[in-house]
Amino acid sequence: MTATAPTPTVEATTYSIQGRLLEVCTCAAICPCWIGEDPDGGTCDSSLAWYVDSGTVQGVDVSDRCIALTVFIPGNVLAGNWRAVVYVDDRCTQEQQDALLAVFTGALGGPIADLAALIGDVVAVERAAVTFTVEQGEGMLKVGDSIEARLAPFQGATGKTTTLSETVFSTVPGSPAYPGKASVYRQKSSKLGRPDVDVSGRNALQAIFTFSG
């Protein structure tokens, strides 16, 4: 009698998305959170946005859509207990919104789930008009009247963009980030129980991401 080899179990990919990240915060550049140190001043106010250039989530096309956060980090970034407001691109259908939230709340697992686990309290989920551009290393983000940021990366002596890799913390797991400064960073933070942000010359990051799970 010949034994039959078991059929390998293939785990289905529930999502695959690619796009660009813009991140700004109140820390000085380069943000110490990325190497696991405490934020400047002991706490951090931050805005992040992931723009999906292409991809699907459980069969739903979420290309050309964005999801953004404002967050308050009360101490070391890895200790968690973040407070967040989530902003969903107002061009999303309900199906697209549900799909993006499933990924970025960590419900579908994958590399973004570890980041989502650091958020202890989502105080609101809102829809907002989003403007997101990255052109020749310059970035701009505007989310309704809640977030406005303009940023540019650092460049090395050769003129190439400075990269930040193999850090203990990342909002783009597995990908390098491009640190820089924000010439403008404004954020409405009342929903987070925080004063509004209006600063210049603070930390900024750009990156390209590929997530699947």
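I began with the second largest cavity, which has a volume of about 50 Å³. The model I am reading is a predicted one. I listed the residues around this second largest cavity: Trp-50, Leu-69, Trp-82, Phe-104, Ile-112, Leu-115, Ala-116 and Ile-119. By class I counted eight nonpolar residues in that lining, with no polar and no charged ones. I then asked which element gives the most to the lining of the second largest cavity. I found helix H2, residues 112-116, with three residues.

Next entry: the largest cavity. I looked up how many cavities of 30 Å³ or more the structure holds, and the number is two. For the largest cavity I noted about 70 Å³ of space. I found 13 residues in its lining, and Glu-23, Ser-46, Ile-73, Val-77 and Phe-169 are those nearest the centre. I checked which elements give two or more residues to this lining, and they are S1, S2 and strand S4 (65-73). S2 gives the most to the largest cavity, namely three residues. I sorted the lining of the largest cavity by class and got eleven nonpolar residues, one polar and one charged.

Next entry: the largest pocket. I put the space in the largest pocket at about 150 Å³. I wrote down its lining as Trp-34, Leu-164, Ser-165, Glu-166, Thr-167, Val-168, Phe-169, Ser-170, Pro-173, Gly-174, Ser-175 and Pro-176. I classed this pocket lining as six nonpolar, five polar and one charged. I noted that Phe-169 is on the list for the largest pocket and also among the residues nearest the centre of the largest cavity.

Next entry: aromatic pairs. I counted five aromatic pairs. I then looked up where the two residues sit in the chain. Trp-34 is in the loop between S1 and S2, while Phe-169 is in the loop between strand S9 (147-153) and strand S10 (177-187), so that the pair links distant parts of the chain, 135 residues apart. I checked burial for both: Trp-34 is buried at 1% relative accessibility, and Phe-169 is buried at 6%. I also recorded that Trp-34, Trp-82 and Phe-169 form one aromatic cluster. Trp-82 had already come up in the lining of the second largest cavity.

I moved on to Tyr-51 and Phe-132, an aromatic pair that is tilted, with 5.2 Å from centre to centre and 40 degrees between the planes. Tyr-51 belongs to strand S2 and Phe-132 to strand S7 (residues 130-135), so this pair ties together parts 81 residues apart in sequence.

Last entry: Thr-26. I located Thr-26 in the loop between strand S1 (15-25) and strand S2 (44-57). I noted a relative accessibility of 17% for Thr-26, so it counts as buried, the cut-off being under 20%. I then left aside neighbours within four places in sequence and looked up what Thr-26 is in contact with. I found Cys-44, Asp-45, Tyr-185, Val-197 and Arg-202.

How values were computed. Residues are numbered from 1 along each chain as its sequence is written. This is a predicted model: local features need pLDDT of at least 70, side-chain atom pairs count only at pLDDT 80 or more; totals for chains, interfaces and linings use all residues. Side-chain values use heavy atoms; hydrogens and water are left out. Helices (H or I, at least four residues) and strands (E, at least two) are DSSP runs, numbered from the N terminus. Buried means under 20% relative accessible area, exposed over 50%, partly exposed in between (1.4 Å probe, protein chains only). Contact means heavy atoms within 4.5 Å. On a 1 Å grid over the protein atoms alone, a cavity is a set of points where a 1.4 Å probe fits but cannot get out, and a pocket is an open set with protein on both sides within 12 Å along at least five of seven lines; lining residues have an atom within 4 Å of a point. Grid points are joined across faces, edges and corners, and a volume is the space filled by probe spheres set on the points. Ala, Val, Leu, Ile, Met, Phe, Trp, Tyr, Cys and Pro count as nonpolar, Asp, Glu, Lys and Arg as charged, and the others, Gly among them, as polar. Rings of Phe, Tyr and Trp (its six-membered ring) pair if their centres lie within 6.5 Å; planes under 30 degrees apart count as stacked, over 60 as edge-to-face and the rest as tilted.
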